[in-house]
Amino acid sequence: MAVEVGANAGRSVGPDAGVRGSAVHDSAARDATVRDAVTYDRTAVDAVDAVDAVDSCHATRDVQAASTHDATTTVPVAASGNVVGRIVAIMARLRDPEHGCEWDCAQTFATIAPYTIEEAYEVADAIARGDISDLKDELGDLLLQVVFHSRIAEEAGLFDLGDVVNAISDKMERRHPHIFGDAEVGGHYLWEQVKAAERLEKAGQNGALAGVALGLPALARAEKLQKRAARVGFDWPDATGPRAKIDEELAEIEAASEADRLEEVGDLLFSVVNWARHLGVDPEAALRAANAKFEHRFAVMEAEDAHFAERSLAEQEEAWLSAKISPLP
């Protein structure tokens, strides 16, 4: 069983990709494509047959003329059961230097990284709103980011989508030895042990804080750093310590010069995250909920008074107190 998601998924997409069908290719070309395909053979995985995978990249929509090489050239349609092959082919077409999309061709890892982060947040937003239809769309947008990065890497000869899928599959099996290996018991502790061993194998990542992503939101990264430090015993025994630290940091902010204020406010926020962690509160989720609450109450004030912006601060404060008692959605 094999799924074609690597280099060959994009090779059939070129100037005349829309006019070539699988019937055009002889058996030798077909066999060569299958041999080159990235395969993933697992008993527990329901993979697509290699023939179907090849066909998905060669099957085409009808076009009027075989000589059409302009923007109307169509993209191969995925055969039933290989929907991933379709988006891989689409991305390859978009990145085609001659006939692709100018914007897509100009992108790099760095330029699309902000979109990747944005799409992850939009997935979380759809979940928070309970919008399942929107969640489906947002998951698709996030998947596109994975395909996009993988295509850029493939063009540079670094890796392709098949490598990405195999890498995460290997990682999940490696981190669940009690499911896929010989370990008798599992749990979070075993997961962390495996992750620590993986970090040791990476150059320069042998410290307790190694590998905490710089791109994480600051509150989430602070919490993760604190948890890592706590694993080696560097932590307050209870919530009393971090609570006292907040008072200390507040006093330091008040005494700080303007040049030092940024650093001291950062120390305060770090201490608040630490206190929240000891109280069993996710600081990122707590702040997200506070943002939503503020937005709701502010919208109530504006809805009840078309001239809210013209009111005095005292009048706005009165409206705020009234909005606070309105039920949250």
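Predicted model: local features only at pLDDT ≥ 70, side-chain atom pairs only at ≥ 80, totals over all residues.
Mentor: Residues are numbered from 1 along each chain as its sequence is written, and side-chain values use heavy atoms, with hydrogens and water left out.

Trainee: Why is Gln107 called buried?

Mentor: Buried means under 20% relative accessible area, exposed over 50%, partly exposed in between, with a 1.4 Å probe and protein chains only. Gln107 has 10% relative accessibility, so Gln107 counts as buried. Of the 329 residues of the chain, 32% count as buried.

Trainee: Where is Gln107 placed?

Mentor: Gln107 is in the loop between helix H5 (102-106) and helix H6 (109-129). Helices (H or I, at least four residues) are DSSP runs, numbered from the N terminus.

Trainee: What makes the pair Gln107 and Thr111 a polar contact?

Mentor: A polar contact is a pair of N or O atoms within 3.5 Å; within protein, one must be able to donate a hydrogen and the other to accept it, and residues adjacent in sequence count only if both atoms are side-chain atoms. The side chains of Gln107 and Thr111 are joined at 2.8 Å, so the pair meets the distance limit. The Gln107 side chain also reaches the backbone oxygen of Trp103, at 2.8 Å.

Trainee: Which residues does Gln107 touch, not counting those up to four places away in sequence?

Mentor: They are Arg95, Ile112, Phe148 and Ile152, where contact means heavy atoms within 4.5 Å.

Trainee: What makes a set of residues a nonpolar core?

Mentor: Its members are buried Ala, Val, Leu, Ile, Met, Phe, Trp, Tyr and Cys residues joined through side-chain atoms within 4.5 Å. The largest one has 7 residues: Val88, Met91, Ile112, Val147, Phe148, Ile152 and Leu161. Helix H7 (132-155) gives the largest share of this core, 3 residues.

Trainee: How many residues line the largest pocket?

Mentor: There are 17, with Asp125, Ala128, Arg288, Ala289 and Ala292 nearest its centre. On a 1 Å grid over the protein atoms alone, a pocket is an open set of points where a 1.4 Å probe fits, with protein on both sides within 12 Å along at least five of seven lines; lining residues have an atom within 4 Å of a point. H14 supplies the largest share of the lining, 10 residues.

Key
Helix = DSSP H or I, 4+ residues; strand = E, 2+ residues; numbered from the N terminus.
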